[in-house]
Amino acid sequence: MLVPRIVIAVVGVITAVGAVLADLVIPGLAAQHAFNPAWPPHAKFHDAQYMVMTVLLGASGLILIARRAPDMRGRIRCAAAILATPWLGMAAAILFPGTAAYDPEFAGQTRFVLGLHGQVFLAVVLLLALGSATAATLRVPARRL
């Protein structure tokens, strides 16, 4: 089925480039992350680690769905699981004590959508897209994927 593969590919691209753009390239956002002078070096290390990880996870998901294979349903499920990893991590990170989706000094620049921080909202949307794409593959015979 082409639509689930397209949805997963879009999430793969967003996963591969999103953190790099937000944390390193887009000036207003990068000032809150990689170029935030208030962040200690170890926090910047983990931000860089996350950026590299999301590029690798995004590329892995894209590679899995790039070509047809005998077990395409399995490849789609695996790609969706790989791509869900950083977004589930983002959504769950807010549950840890002392964490916040944004630093207080950037409260005036922070965007909220439906009451959720923009990044968390994006995570929810992408997780719903991955879940929907995966569910769509369950309705189609494996030989037609």
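Biologist: Hi! Which helix does D47 lie in?
Modeller: D47 lies in helix α3, which covers residues 41–66. Bear in mind that this is a predicted model.

Biologist: Thanks. Is D47 buried or exposed?
Modeller: D47 is buried, and it has no salt bridge.

Biologist: And which side chain of opposite charge is nearest to D47?
Modeller: That is K44, 8.7 Å away. A salt bridge here needs a distance within 4 Å.

Biologist: What does D47 touch, then?
Modeller: Leaving aside residues up to four places away in sequence, D47 touches D23, H33, A34 and W39.

Biologist: Changing topic: how do α1 and α4 pack?
Modeller: Helix α1 (residues 2–25) and helix α4 (residues 72–93) have their axes 10 Å apart, at an angle of about 30 degrees. Angles under 35 degrees count as roughly parallel, and α1 and α4 are therefore roughly parallel to each other. Their crossing is left-handed.

Biologist: Which residues make that contact?
Modeller: From α1, R5, I8, V11, G12, I14 and T15 take part; from α4, M72, I76, A79, A80, L83, P86 and W87.

Biologist: OK, and at what angle do α4 and α5 cross?
Modeller: Roughly 165 degrees, with the axes of α4 and helix α5 (residues 118–138) coming within 9 Å. Over 145 degrees counts as roughly antiparallel, so that is how α4 and α5 run relative to each other. The crossing of α4 and α5 is left-handed.

Biologist: Which residues are in contact there?
Modeller: On the α4 side they include I76, A80, L83 and W87. Among those of α5 are V120, L122, A123, L126, L127 and L130.

How values were computed:
Residues are numbered from 1 along each chain as its sequence is written. This is a predicted model: local features need pLDDT of at least 70, side-chain atom pairs count only at pLDDT 80 or more; totals for chains, interfaces and linings use all residues. Side-chain values use heavy atoms; hydrogens and water are left out. Helices (H or I, at least four residues) and strands (E, at least two) are DSSP runs, numbered from the N terminus. Buried means under 20% relative accessible area, exposed over 50%, partly exposed in between (1.4 Å probe, protein chains only). Lys and Arg count as positive and Asp and Glu as negative; His and the chain ends are not counted. Contact means heavy atoms within 4.5 Å. Axes are lines fitted to C-alpha atoms, for helices over the stretch in contact, and angles run from 0 to 180 degrees between N-to-C directions. Angles under 35 degrees count as roughly parallel, over 145 as roughly antiparallel, 65 to 115 as roughly perpendicular and the rest as oblique. A crossing is left-handed if the near helix is turned anticlockwise from the far one by less than a right angle, and right-handed if clockwise.
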